Amino acid sequence: MKLICKLLSVLLCGFLLAGCAPKSESRTFFAMDTVMNLTVCGEEGLLDDLQTRVQTLEKHLSVTDPQSEIYALNQNGSTRLSDDTRELLELALGFCRATDGALDITIYPALCVWGFTTDSYQVPDDDTLAALRETIDYTAVTLDGETASIPEGVMVDLGAVAKGYTALVLTRMLADAGVESALLDLGGNIQAIGENPEGRPWGVAVQDPFGEGYLGVLSVTDRAVVTSGGYERNFEQNGVIYHHILDPDTAAPADSGLCAVTVVGENGLTCDALSTALYVMGKDAALDFWRSREDFECILVEPNGAVTVTEGLQDCFRAHVDAVTVAERG
Ligand code: ADP
Ligand code: MG
């Protein structure tokens with residue numbers, strides 16, 4: 001189901017790209033557990049390097065690949081990191097602090113017990129949840145030069161930020177190559193570089209969490225658009241739906257009154273980290289957090305269909321639904 005949605009979004013991007021100038025190249029491949037589609041306009045021959053870079057990052061960052069650095073950290077309690085992994089770990093810890101732990105990269109033991117890592121789902125009992133809460137503590141992760149360390153029982157998972165960091169790295173590569181127009185779809189994490197080849201903003205559709213359609217379309221230039229949704233991975237037991245975004249305070253799926261969060265900003269990593277974190281915070285705290293910063297805008301969706309759009313998106317979001325409220329800064 002998730003794969004079908006990703007493929008549909010790739011097809012939609014293809015549709016939005018219709019009219020891309022002749023000198024454009026696209027490639028679709030599977031990496032980081034999702035379908036990715038890269039389109040580069042105006043420069044040829046870059047796709048091999050971009051895809052190889054994604055695959056190298058995946059090899060370093062995967063929490064399940066026994067060859068990865070994160071796997072080694074979780075197994076041995078301490079490991080030397082490559083430059084990429086060290087940079088991402090440092091930046092991710094910064095977002096854990098900035099969001100007061102709504103983002104917590106040590107959520108992995110809880111994710112495993114709920115079964116989100118294996119698809120063999122279960123609802124843990126209260127004692128198990130209490131024990132899991134003890135293992136969630138990003139402040140226990142230490143970085144000393146190139147060496148990362150964690151205490152016994154703690155495990156690191158960069159799943160909430162890996163695609164955002166990948167977007168950042170590919171954006172730097174494209175800038176170095178002088179590319180002025182590109183669209184990177186890293187499984188729903190979109191990075192729009194420059195304008196489209198027709199000299200207009202890129203159109204990026206925002207998925208409707210309640211169905212197969214779209215909430216609306218964002219017109220963006222040099223922006224990342226990242227969505228976290230409880231609908232992306234979940235299971236149902238006794239009529240309750242449990243999803244894969246966990247609240248570090250409870251070790252259970254975040255029950256914050258939001259069902260999807262889209263974050264728009266220049267930096268793909270910031271957007272990825274914050275889409276997960278704002279989902280955990282809930283609407284009021286998410287809007288307070290937005291007012292305290294200048295580096296992103298967001299769209300918040302509630303289960304009753306209410307949509308809140310921050311004022312910076314007012315002119316670039318064409319909603320396909322009613323019930324849209326604009327949040328103001330002042
Ligand atoms: P996706 O990767 O599914 O597009 P997200 O960027 O929101 O969506 O990341 C969700 C993933 O992040 C989960 O699958 C899990 O690995 C991890 N995760 C879940 N809750 C948290 C949290 N509160 N803090 C950090 N990571 C989380
Ligand atoms: Mg995220």
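Reader: How far is the backbone N or O atom of alanine 102 from a nitrogen atom of ligand 1?
Author: First, this is a predicted model, where local features need pLDDT of at least 70 and side-chain atom pairs count only at pLDDT 80 or more, while totals for chains, interfaces and linings use all residues. Residues are numbered from 1 along each chain as written, chains are lettered from A and ligands numbered from 1 in written order, and side-chain values use heavy atoms, without hydrogens or water. As for alanine 102, its backbone N or O atom sits from that ligand nitrogen at 3.1 Å.

Reader: Which residue has a side-chain N or O atom 2.6 Å from an oxygen atom of ligand 1?
Author: Aspartate 157 puts a polar side-chain atom 2.8 Å from a ligand oxygen. The 2.6 Å pair belongs to serine 228.

Reader: Which helix gives the most residues to the shell around ligand 1?
Author: The shell has 19 residues, counted when a heavy atom lies within 4 Å. They split into 9 nonpolar, 4 polar and 6 charged, with Gly counted as polar. Giving the most, with 3 residues from 268–281, is helix α8.

Reader: Is arginine 233 buried, partly exposed or exposed?
Author: Arginine 233 sits in the loop between β10 (223–229) and β11 (234–237). Buried means under 20% relative accessible area, exposed over 50%, and partly exposed in between (1.4 Å probe, protein chains only). Since its relative accessibility is 23%, arginine 233 is partly exposed.

Reader: Which side chain does arginine 233 join through a 3.1 Å polar contact?
Author: A polar contact is a pair of N or O atoms within 3.5 Å; within protein, one must be able to donate a hydrogen and the other to accept it, and residues adjacent in sequence count only if both atoms are side-chain atoms. The partner at 3.1 Å is aspartate 33.

Reader: How many residues of strand β15 are buried?
Author: Ala260, Thr262 and Val264 point one way, and Val261, Val263 and Gly265 the other. In a regular strand the side chains alternate between the two faces of the sheet. In β15 (residues 260–265), the buried count is 6 of 6.

Reader: What is the bridge partner of valine 261 in β16?
Author: Strands pair if DSSP finds at least two bridges between them. β15 runs antiparallel to β10, with 6 bridges, and to β16, with 5 bridges. Valine 263 stands opposite valine 226, and valine 261's partner in β16 is leucine 300.

Methods: Helices (H or I, at least four residues) and strands (E, at least two) are DSSP runs, numbered from the N terminus.
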